[in-house]
Structure formats: structure tokens, C-alpha cells
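The exercises that follow each set a task and then work through it step by step. Please keep the sequence and the model in view while reading the solutions.

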Amino acid sequence: MDMGTDVLNFNKKLKRRRVLWFCLMVFVMAGIFVFSGQDGESSSEVSSLAERVLAFLRIDWLVTPGMVHGISVGVRKWAHIYVYMALGITSSMWLGTWPFAFWKRGGIAALICCVYSAADEFHQTFVPGRCGTWKDMLYDGSGWAAGILLVLTAAAVYSRVRKPGRIHTD
């Protein structure tokens, strides 16, 4: 193979990765939008998974109703963290297919996630039985920040292993 064919193959792979990560990012955003669009009653039904699991395991006699409510609330908050972690990961990976400097990649990913989190909380103010809160945005922020840091750390380690003595930060 000559150098021209190698460059062409690299560009095709890069474009495929770019499209894949963009589609995954949009898929995560769509999932967040759908869950946020559920009215308060439907959202509570989805969040009551912890109660059903306890009943299925037949250990619900060990847990008081107040504890079950606390578990359901915890499940909802962790759900915020995990879905926004997925958004942080996918947005960082998508931006990694563009020639951004290392620190810009993290900053742009954070901006995308922060704006989407704010828009999502605003969207919830129009859904019956739901409300958008700053507290939920903090849960969202901890999730996307962890996702972005995870990707950037992995990229730095990979860069260090690939080219010892140098981290590619442009």
C-alpha cells in the first residue's frame, strides 16, 4: 500500500467513528428528552423499580415504606448521574474525532452537556407533575463531568503509552 491509500483509509475510519459517536450522542440526548417528557406519575412508575425489586426478592419485609421511598429517590438521582455521564462520554468521544486541542475538547464537551442539562430542566417545567431544578442540574453536572474526565484521562494515558514522554495536548 502506498501513503495515499493509508491516508484515505484513515480518513474513512475517522468519518465512520465521527458519525458513530455523533449518533450515539444524539441517541443519549433523545433518551434524556423522552424520560424528561414523562409526566410525574409515569416518571414515578419508572422510578419505583427499586420497590418492585425488593418485592420480587421477598425482602421487602426488611425495609420500611420510608426506606423504599428513599431508595426510589436515590435511584432517580443516580439515573441523572449515569445518563449524563453517558452524554459526557459520547460528546467527548465525538469531539475527539475533530482536531481540537485536548483542553478545548473537554471545554466544548462541558458546554454541550451544560446547555443540554439546562434545556432539559427547562423542558421539564412544561411537563405536568414535573419541575426543573438547580439541584438536578448539579446531579447532571457531576455525571457529565465524570464522563468527560474519564474520556480525557483515558486519552491522556493512551497518548502517553503511544508516544512515551509526550501527552498530545496541541
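**Exercise 1. Decide whether Cys131 is buried, partly exposed or exposed, and state where Cys131 lies.**

Step 1: The classes need cut-offs, and here buried means under 20% relative accessible area, exposed means over 50%, and partly exposed is what lies in between (1.4 Å probe, protein chains only).
Step 2: Because its relative accessible area is 48%, Cys131 is partly exposed.
Step 3: As to its place, Cys131 belongs to the loop between H5 and H6, where helices (H or I, at least four residues) and strands (E, at least two) are DSSP runs numbered from the N terminus.
Step 4: Across the chain, the C-alpha atom of Cys131 is 9.9 Å from that of Asp39, although 92 residues separate the two in sequence.

This is a predicted model, in which local features need pLDDT of at least 70 and side-chain atom pairs count only at pLDDT 80 or more, whereas totals for chains, interfaces and linings use all residues. Residues are numbered from 1 along each chain as its sequence is written, and side-chain values use heavy atoms, with hydrogens and water left out.

**Exercise 2. Describe the overall make-up of the chain: how many helices and strands are there?**

Step 1: The chain holds six helices and zero strands, so that, read from the N terminus, the order of elements is α-α-α-α-α-α.
Step 2: Of the 170 residues in the chain, 32% are buried.

**Exercise 3. Find which side chains meet in a salt bridge, and work out what the pair ties together.**

Step 1: A salt bridge is counted when a side-chain nitrogen of Lys or Arg is within 4 Å of a carboxyl oxygen of Asp or Glu, and by this rule there is one salt bridge.
Step 2: The partners are Lys77 and Asp136, with 2.8 Å from N to O.
Step 3: Lys77 lies in helix H4 (residues 65–95) and Asp136 in helix H6 (residues 134–162), so the pair ties together parts that are 59 residues apart in sequence.
Step 4: The two partners can then be classed by accessibility: Lys77 is partly exposed at 21%, whereas Asp136 is buried at 8%.
Step 5: Arg76 is also found in helix H4 and is partly exposed, with a relative accessibility of 25%; its C-alpha atom is 9.8 Å from that of Asp136, at a sequence separation of 60 residues.
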